Amino acid sequence: MIRSSIKMAISILLAIFFLGPILWVLWGSVRYGDASFSFQNFSSLFIYGEGISTYIRNTLIVVIITVTGSVIVSLFAGYALDRIKFKGSKLLFIGILSILMVPHASLLIPLFIWLNKLHLGNSLIGLSFVMIMYQLPFSVFMMRNSFESVPKELDEAAMIDGCSRLGIIFKVLMPAVRPGIITVGLFAFLAAWNEFITALILLNDGSKFTIPLMLVNLVRGDFGSVDFGALQAGIVISAAPCVALFFILQRYFVGGFSAGAIKG
Amino acid sequence: MATANPNVLSRKNSMRPSRPKRGFRSTGIGWLFSAPAVVVLLFFFIVPLGYSVVMSTKDWPLLGPDYPTNFPTNYTQISENELFLNSLFFTVKYTAIISVILISLSLGLALLVQEGKQRASGILRTIYFLPVVTGLSTAALLFLGFLNPTIGPMTRILNLFGMDPDWLGTPNLALTSTVLMMTWRFAGFYMVIMLSGLQAIPRDIYESAAVDGANRINTFRYITAPLMKSTFSLCLILILTGGMVAFEQFYILTGGGPDNSTVTIVMTIFREAFSQFEMGSAAAMSVVLLIALVMMNILQLRLVRKDESGDTR
């Protein structure tokens, strides 16, 4: 009896610790001056720098390219690594996994110079490609495992029916590996939406900034004195899609995290 | 798809060389399908990695017209760079603190929510996990406001008890604040990994221990802890690696201050590159960091494998 009430008390205290900051920021974002409910903080965000809509658009560009790119790249590579026996496949897989070993900081200094040579410096597309590279080990690992769990008889049956190889991938296998595709897309979204350091190093033009960069500039006072109400509203905007996706795609989250424990 | 058991996910198994029952054999088609992945791997990973090694052997000013080779100056200078040595010491200290806190708290959380009334522990699990879904920079910004003496509630609450901490004003409190934020952001993540480790332990082992009259502490010590070994090392490898490359939590919360007391290795590297404009010596530092991390990972994987081969499994 005593044991279970102590346990309950600890559980609740911990819940306050984890939930408290989130509730505080939600509450603060809709309070303005004496008004207990106002969207003034959100509308202030439109006047900082280029306005929040520009930063949301930039972030969405990076997100869309990263998600689409990660899914396409890992769909084909995952298929090849599971279904096709080819020379060097093991080397390729180890090469992809070795991305996990290398700290992003070690890559960013040469990338800063190298992307300029590719004419991808200070560009949202360049940033997106780097994001696809970061996600590559997780995405390919995930898709290879997804294909592995689909019986080979399915391919053979389709082959006998005269289906082409691409037809098999798109019509027969894709529905079967859909959970894997959603997981790859989900984690690519989260990575691209939230990335900070890479965007900080690679983007130097204020009009190309993503949401995290804009918020850090806001707090550094680059747009005049620090407006904490606007910061709170910005945090809500930045966290809301992630929280929403978490509730919608909860089971993919857990699946991805336990498989993605390989993710550094 | 994903399995809940982290033992199955250890790298040893994932890279198992002989996988039975593969499809057809065709090197050309294999590489054709892998081509997009190869392009990404080559252009955005292997080339930059090679570049970084080349840069580290040269005097490479950011805007310099030419880049004379000065090997091994960039490397020998590292050991004389006081800022780097201080940041190395600080990063190791931070990593040690965060490892102990995250491992023990996440294990505690996992034990707390693993049993009991289904519904309540499900809700608690969701609450503890919620911070994980926010981005790291978002979480850092959130704590910047939360700990702010004017608008944040933390200072006001502690004022009631007669305390008036300047959360980011002194070296120790700045470190404490960052550790607090990182704990908030990551405990739920490691709780989930710990949970899948706990769930992988067969029920009947506990049942027979109960029959033998083992109490809770002994059950944990002789059953749970040993069987969780690979889960612990998985968590530890992730936390250690993450700690050694810490950057944005400090960049956003403390800016390396006060008085450069919270400058991490990665922050030093970026300052060398983008404030001192010494790309060559920054590259040398990042190569050293990379080698250190790879060695750390290999060492730890070796230890895990040794344990596993000792098992009856």
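Reader: How do α7 and α8 of chain A pack, at what angle and how far apart?

Author: Helix α7(A), residues 152-160, and helix α8(A), residues 165-176, pack at an angle of about 150 degrees, with axes 11 Å apart. Axes here are lines fitted to C-alpha atoms, for helices over the stretch in contact, and angles run from 0 to 180 degrees between N-to-C directions. Helices (H or I, at least four residues) and strands (E, at least two) are DSSP runs, numbered from the N terminus.

Reader: Before I go on, what sort of model is this?

Author: This is a predicted model, where local features need pLDDT of at least 70, side-chain atom pairs count only at pLDDT 80 or more, and totals for chains, interfaces and linings use all residues. Residues are numbered from 1 along each chain as its sequence is written, and chains are lettered from A and ligands numbered from 1 in the order in which they are written.

Reader: Back to that pair. Are α7(A) and α8(A) roughly parallel or roughly antiparallel?

Author: Roughly antiparallel to each other. Angles under 35 degrees count as roughly parallel, over 145 as roughly antiparallel, 65 to 115 as roughly perpendicular and the rest as oblique.

Reader: Which residues make the contact between them?

Author: L154(A), D155(A), A158(A) and M159(A) come from α7(A), and I168(A), V172(A) and A176(A) from α8(A). Two residues are in contact if their C-beta atoms, placed from the backbone, lie within 7 Å. By class there are six nonpolar, no polar and one charged residues. Ala, Val, Leu, Ile, Met, Phe, Trp, Tyr, Cys and Pro count as nonpolar, Asp, Glu, Lys and Arg as charged, and the others, Gly among them, as polar.

Reader: Now chain B. How do α6 and α8 pack there?

Author: In chain B, α6 (residues 136-146) and α8 (residues 171-199) pack at about 130 degrees with their axes 10 Å apart. That makes α6(B) oblique to α8(B). On the α6(B) side the contact uses L136(B), A139(B), A140(B) and F143(B), and on the α8(B) side S177(B), M181(B), W184(B) and R185(B). These residues divide into six nonpolar, one polar and one charged.

Reader: And α10(B), buried or in the open?

Author: None of its twelve residues is buried, so α10(B) lies largely in the open. A residue is buried if 20 or more other C-beta atoms lie within 10 Å of its own, exposed if 12 or fewer, and partly exposed in between, with C-beta atoms placed from the backbone.

Reader: How many residues does each chain put into the contact between A and B?

Author: Chain A gives 80 residues and chain B gives 81. Helix α1(A), residues 2-29, gives the most to the chain A side, with twelve residues. That side divides into 58 nonpolar, 15 polar and seven charged.

Reader: What is chain A made of overall?

Author: 13 helices and zero strands. Of its 264 residues, 49% count as buried.

Reader: Where are the cis peptide bonds in chain B?

Author: One runs from F71(B) to P72(B), with omega near 0 degrees, and P72(B) is in the loop between α2 and α3 of chain B. Another joins G257(B) and P258(B), with omega about -5 degrees; P258(B) lies in the loop between α12 and α13 of chain B.

Reader: What is the phi of H119(A), and is that residue buried or exposed?

Author: H119(A) has a positive phi of about 60 degrees although it is not a glycine. H119(A) is exposed, with 10 other C-beta atoms within 10 Å.
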